[in-house]
Amino acid sequence: RAIELIADGAPARAQLLLARCKQDSADVAAAQAACLLAKNELADALAPLQRAADLEPAFALHHWNLAATLHQLGDRDACLASLRRFLTTAQTPSGLAGDPDHPARVGLALRMVSELERTARLARAPRRRRRRRTAAARRSE
């Protein structure tokens, strides 16, 4: 019912319902995060997203949702780690295989991992100075 309320644009009412639910459930944590995301409270959604991923680490969608939120918040390193976990768990057959959006998610995750790794390498790479050839060196060639 809480998910329906979120979809209907009533995340505050959904949160009231979720407060009465068992708190050690990945589904409840994911729904709590969805409420916060619907209210554009991205930073507050991180804890329930992480809790959902911790409680159900084999479910790829939890890692995807965490990575998407981290990306929006600009945390590239944590986003990269979550995308890697998503790709690892996405390889395991699950109910997501029947999700028509799943192949597109995997493709986007692969591109994002590649880009984030490239950006990280460039940020770490020391800049090399090109030595200018002196006029004497050019003449001796």
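Glu115 is partly exposed, with a relative accessible area of 38%; a residue is called buried under 20% relative accessible area, exposed over 50% and partly exposed in between (1.4 Å probe, protein chains only). The structure is a predicted model, in which local features need pLDDT of at least 70, side-chain atom pairs count only at pLDDT 80 or more, and totals for chains, interfaces and linings use all residues. Residues are numbered from 1 along each chain as its sequence is written, and side-chain values use heavy atoms, with hydrogens and water left out.

Glu115 pairs with Arg118 in a salt bridge, their closest N and O atoms lying 3.0 Å apart. A salt bridge is here a side-chain nitrogen of Lys or Arg within 4 Å of a carboxyl oxygen of Asp or Glu. Side chains of opposite charge can pair when their charged atoms come close. Both Glu115 and Arg118 belong to helix H7, where three residues, or about one turn of the helix, separate them. Helices (H or I, at least four residues) and strands (E, at least two) are DSSP runs, numbered from the N terminus. Since an α-helix has 3.6 residues a turn, residues three or four places apart point the same way. Arg118 is also partly exposed, at 38% relative accessibility.

In total, four salt bridges are counted. One of them joins Arg84 to Glu117, with 2.8 Å between the closest N and O atoms. Because Arg84 lies in helix H6 and Glu117 in helix H7, this pair ties together parts that are 33 residues apart in sequence. Arg84 is partly exposed at 41% relative accessible area, and Glu117 is partly exposed at 27%. Another salt bridge links the side chains of Lys39 and Glu41, at 3.8 Å from N to O. Lys39 has a relative accessible area of 33% and is partly exposed; Glu41, at 29%, is partly exposed as well.

Asn40 is located in the loop between H3 and H4. Although Asn40 is not a glycine, its phi is positive, at about 60 degrees. Most residues other than glycine have a negative phi. With a relative accessible area of 60%, Asn40 is exposed.

The overall fold comprises eight helices and zero strands, giving the pattern α-α-α-α-α-α-α-α along the sequence. Of the 141 residues in the protein, 33% are buried. The protein exposes about 9600 Å², of which carbon and sulfur atoms supply 53%; accessible areas come from the Shrake-Rupley method with a 1.4 Å probe, and for residues only the protein chains shown count as cover. Among contacts (heavy atoms within 4.5 Å) with a separation of 6 or more, 43% involve residues 24 or more positions apart.

The buried residues of H5 include Trp64, Leu66 and Leu70. The buried residues of this helix pack against H3 (26–38), H4 (42–55), H6 (76–90) and H7 (102–124). Just after H5, Gly74 adopts a positive phi of about 85 degrees.

When residues up to four places away in sequence are not counted, Ala60 touches Phe86, Thr89, Ala90 and Leu96. The C-alpha atoms of Ala60 and Leu83 are separated by 9.4 Å, with the two residues 23 apart along the chain. Thr69 also lies in H5, which covers residues 60–73, and Thr69 is buried at 2% relative accessibility. Beyond its neighbours within four places in sequence, Thr69 is in contact with Leu37, Leu42, Leu46 and Leu49. The side chain of Thr69 additionally reaches the backbone oxygen of Asn65 at 3.0 Å. This is a polar contact, a pair of N or O atoms within 3.5 Å; within protein, one atom must be able to donate a hydrogen and the other to accept it, and residues adjacent in sequence count only if both atoms are side-chain atoms.

The structure holds zero disulfides, a disulfide being a pair of cysteine sulfur atoms within 2.5 Å. Cys35 is buried at 0% relative accessibility, and Cys79 is buried with a relative accessible area of 0%.
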